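Here are a few notes to read alongside the model. Have a look at the structure, then work through the points in order.

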Amino acid sequence: MMARPSFAIVGGGPSGSVAAAELASAGFAVTLFEPKGAWEKPCGGGVTTKALERYSWLLDDPSWPSQPIDRIALLSPGGRRLEMELDRPFRIFDRRRLNGLLLERARNAGADIAGEAVSAFERTNSGWKVSTRTRSIDAGILVGADGAGSVVRRDLAGRFRPDDVALTVGYNAPPAASRSLATVEIEFPPGLTGYVWAFPRTDHVNFGVINRLNERPAAELKALLHNFMGRYYDGPIPETAEFYGAKVPMLGHGAWRSVRATGDGWALIGDAAGFVDPITGEGIYFAIRSGELLAGSFVNGTGLAEYDRAWFEDFGEDLEVASKYLDRFYRGRFLGAPVIDRAVWFSARHAGFRRVMARALGGEQSYLTLKRDLVSNAFRF
Ligand SMILES: Cc1cc2nc3c(=O)[nH]c(=O)nc-3n(C[C@H](O)[C@H](O)[C@H](O)COP(=O)(O)OP(=O)(O)OC[C@H]3O[C@@H](n4cnc5c(N)ncnc54)[C@H](O)[C@@H]3O)c2cc1C
């Protein structure tokens, strides 16, 4: 039986908070370092149907409200518009609330929440010495949950390659009088590996554009976004709109088999490991799931080797297939038109195809079976 190690978790976003909650509730000693507390991390905050189904506790406490979404409007590169009702709604959280909910859960489970950044870590005979500006603690296992710019990753597994990263720019801005808060809008500009979005929250709207790093200059992305927002508001962008810019992992096909998510006495979870759907940019589910899988591997006594096997089997292989489809989805052509135009065209005409699309947008469609499911559903009306 493995000795019960103590944990230093660097970062209290979804991955770190969930790992901390699961480990602490199983009796492990956990220190969770998070300097910003519950903050408005640059993010759409879309939590898919699949995530809500597995983690229904996300909706248990009404003091952490989120916006239900039951309609998606898609605009294809060729200008086709499709509106789809969702049978199974998903939610948009503002990140301050989502992180607040998850940190509270970790605290209630018994994790020690340290409101400081980790500034250094070094190996000791028994594990790690982890330091902030004011103190140091000893821990058996070091967990990097410090997001896309992870210093734990940089020092122990190396930085992401520029090709494996996407750039996002966006705004949090007031709602538009003419638009429903229950409708998400997504536009696919021609030739862009990425998309532009409007994700309504309970009291504001998160706008953004995601694009593979270095494919287009940031100024061009901003212009695409301003154009989209101008149409959303049917007029000028509100002066109170708050700008953000951030990176998110977008691992290419070749990168998945060489992901280093563990090493001697350390592990990476969430964005720090690169666990983001490269097509949609969805990372909250994979952050929560990887935190849970890491904790589970210690709770059942198998440890880091089991975590390394578990994440790939659970979702890694599926995301690897997603990255194989990435270029074909955004830049490929089918029957003489961009693939997305064709997908929107088919969805408008075939209920079966539309169902598969809706499942994909809700995070419920496996990429491993996508082709088969499209073919077998496409002509069911
Ligand atoms: C613009 C944008 C839109 C997105 N939209 C969506 C979406 O709609 N749905 C979705 O599922 N995903 C979305 N994502 C991805 C999602 O934001 C991430 O996948 C998710 O937040 C990852 O969680 P995490 O816990 O791994 O990392 P993070 O949420 O990034 O948390 C990392 C934490 O580590 C802390 N930290 C950093 N350095 C240190 C340090 N030295 N010491 C201590 N703490 C530290 C930070 O303060 C931060 O709180 C989006 C990403 C971006 C950039």
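**Notes on the helix pair, the ligand shell and the domains**

1. Helix 1 and helix 6 pack with their axes 7 Å apart, at an angle of about 30°. Axes here are lines fitted to C-alpha atoms, for helices over the stretch in contact, and angles run from 0 to 180 degrees between N-to-C directions. The two helices are therefore roughly parallel (angles under 35 degrees count as such). Helices are DSSP runs of H or I, at least four residues, and strands are runs of E, at least two, numbered from the N terminus.

2. Before going on: this is a predicted model, where local features need pLDDT of at least 70, side-chain atom pairs count only at pLDDT 80 or more, and totals for chains, interfaces and linings use all residues. Residues are numbered from 1 along each chain as its sequence is written.

3. Which helices and strands supply at least two residues each to the shell around the ligand? They are helix 1 (14–25), strand 11 (165–173), strand 15 (242–249) and helix 6 (284–299). In total 38 residues surround the ligand, the closest being G11, G13, G44, G270 and G283 (C-beta atom, placed from the backbone, within 6 Å).

4. Now the domains, whose bounds come from an automatic or database assignment. Domain 1 covers 7–41 + 95–162 + 252–325, and domain 2 covers 331–378. Their C-alpha centres lie 33 Å apart. Contact (C-beta atoms, placed from the backbone, within 7 Å) links 7 residues of domain 1 with 4 of domain 2. Helix 7 (residues 304–331) gives the most to the domain 1 side, with 5 residues.

Key:
Two residues are in contact if their C-beta atoms, placed from the backbone, lie within 7 Å. Angles under 35 degrees count as roughly parallel, over 145 as roughly antiparallel, 65 to 115 as roughly perpendicular and the rest as oblique.
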